[in-house]
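Trainee: I would like to learn how to read a structure with more than one part, and I would be glad if you took me through it slowly. Could we look at it together first?

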Amino acid sequence: MSAEPPMRRALELARGAWGRTHPNPMVGAVITEGGVIVAEGFHAAAGQPHAEVMALRALGRPPKPDAVLHVTLEPCCTHGRTPPCVDAILRAGLRTVVIGATDPNPAHAGKGVQLLRAAGVAVVEGVLGEECAELNFLFNHWITVGRPLLALKVAATLDGKLVPAPGEPRDITGPEARADVHRWRRLFPAIAVTADTLLADNPRLTARDAEGEHAPVRFVLDRRFRSAGRAGLRLFTDAFRGRTIVVGLAGGARAADLAWYEAEGVTVWALPGEEADFLDAWAERCATEGLTGVLIEAGPRFASALLREGSADYLFAYVAPRLGGDPESPTWFEGVDCPLRAGKTTLFGQDALFRGYLG
Ligand SMILES: NC(=O)c1ccc[n+]([C@@H]2O[C@H](COP(=O)([O-])OP(=O)(O)OC[C@H]3O[C@@H](n4cnc5c(N)ncnc54)[C@H](OP(=O)(O)O)[C@@H]3O)[C@@H](O)[C@H]2O)c1
């Protein structure tokens, strides 16, 4: 039997924990015997057992001699929050392991495979490797670069505007594209808007789907704390306000403003440095807090600044087939060329999503 169908099932299982495993990757595992799936598992959340262990537990007995473990990510070989999966595989007596993606952590990459092979286990690598690796694009970036993946998201008209002309409908894209945004909001551990967008739109910044409402960490990027004292904003008053973090510069922070946020139950990060250091300081702090990625829902001025300064790693550009953006508002790219690597185009109703790596 080809290793692809069980690996595809393992990928499906991994996706079952979409957005719930941070800062860990999503991983799925399937055990086959005689080519038939006999046990399945996935990693549900950080601190919970890994997918391989869950599949072995689901099997509930020693695997048969011809059993094959299919796992979307190379088994770990070091003690983290849980013991190494390589040990569990060897202890169970599995003789064949099929792997999707190599562990992206440079300190561990390939070591799990080496240890398994050294113990006489047959290892097949790279089955649906690209898909398995892409599933964890946030984790991969964070673990290799040491910073969160900063993804710029825009919803634009054909003339490059993010703000509709007066009198035009408020939503630029249709319901299918907006549902897709909610899917990504469910994946990213954090989301960000500027104070200008906060004050203009009063957004909720939650993921709303069939499973209900979920709040990632919600950043307000507000270098001079202009949002202080603004009553009635959803991010400062709703049930998830404990997940809101206002990020500004320590130098621009007035004690009265900081006291106001504290009284509202909103966390503040007052970062050191000057305006020009702000994004770096914020990204570094995010990395140390284990935030693997941030979805930045930028207005036109911030979007074009991110592109000009090369500060965004990834782009989600939803483009609606209509003109009629606000003539007073700048475009989101303002003449900056932004070729995409590993670019993908997907249609959602009448709208197109262009996404890929920047720079
Ligand atoms: N269609 C869409 O996808 C979309 C998404 C979001 C918002 N919008 C719309 O966009 C409009 C708001 O757009 P906007 O252009 O006024 O605001 P914006 O682009 O969201 O934010 C501009 C602010 O970003 C900060 N900023 C600029 N460059 C920066 C840099 N290099 N590093 C850190 N911070 C930087 C500045 O604030 P400080 O100097 O105070 O830090 C600046 O005032 C609203 O009407 C909203 O509805 C549309």
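Predicted model: local features only at pLDDT ≥ 70, side-chain atom pairs only at ≥ 80, totals over all residues.

Trainee: Which residues have the most contacts inside the largest nonpolar core?

Mentor: In soluble globular proteins, nonpolar side chains tend to be buried together. A nonpolar core is a set of buried Ala, Val, Leu, Ile, Met, Phe, Trp, Tyr and Cys residues joined through side-chain atoms within 4.5 Å, where buried means under 20% relative accessible area, exposed over 50%, and partly exposed in between (1.4 Å probe, protein chains only). Here the largest such core has 72 residues, and those with the most contacts inside it are Phe137, Trp184, Phe188, Phe236, Phe316 and Tyr318. Domain 1 (4-135) and domain 2 (148-358) both give residues to this core, so it lies between them; the domain bounds come from an automatic or database domain assignment. Apart from it lies another core, of 33 residues, with Leu162, Phe219, Phe302 and Leu315 among them.

Trainee: How many residues of domain 1 are in contact with domain 2, and how much area do the two domains bury between them?

Mentor: The size of an interface is often given as the accessible area lost when the parts come together. Buried area is the accessible area (1.4 Å probe) that two parts lose on being put together, summed over both. In this model seven residues of domain 1 are in contact with 11 residues of domain 2, and the two domains bury about 770 Å² between them, 53% of it on carbon and sulfur atoms. On the side of domain 1, Trp18, Arg20 and His22 lose the most area to domain 2, together 63% of what that side buries. The C-alpha centres of domain 1 and domain 2 lie 35 Å apart.

Trainee: How many salt bridges are counted between domain 1 and domain 2?

Mentor: Side chains of opposite charge can pair when their charged atoms come close. A salt bridge is a side-chain nitrogen of Lys or Arg within 4 Å of a carboxyl oxygen of Asp or Glu. Between domain 1 and domain 2 the count is three, and the structure as a whole holds 23.

Trainee: Are the partners Arg254 and Asp257 buried or exposed?

Mentor: Arg254 and Asp257 form a salt bridge whose closest N and O atoms are 2.9 Å apart. Arg254 is exposed, with a relative accessible area of 54%, whereas Asp257 counts as buried at 8%. In another salt bridge the side chains of Arg117 and Glu125 meet at 3.4 Å, N to O; Arg117 is partly exposed at 41% relative accessibility, and Glu125 is partly exposed at 40%.

Definitions and conventions:
Residues numbered from 1 in each chain as written. Heavy atoms only, no water. Contact = heavy atoms within 4.5 Å.
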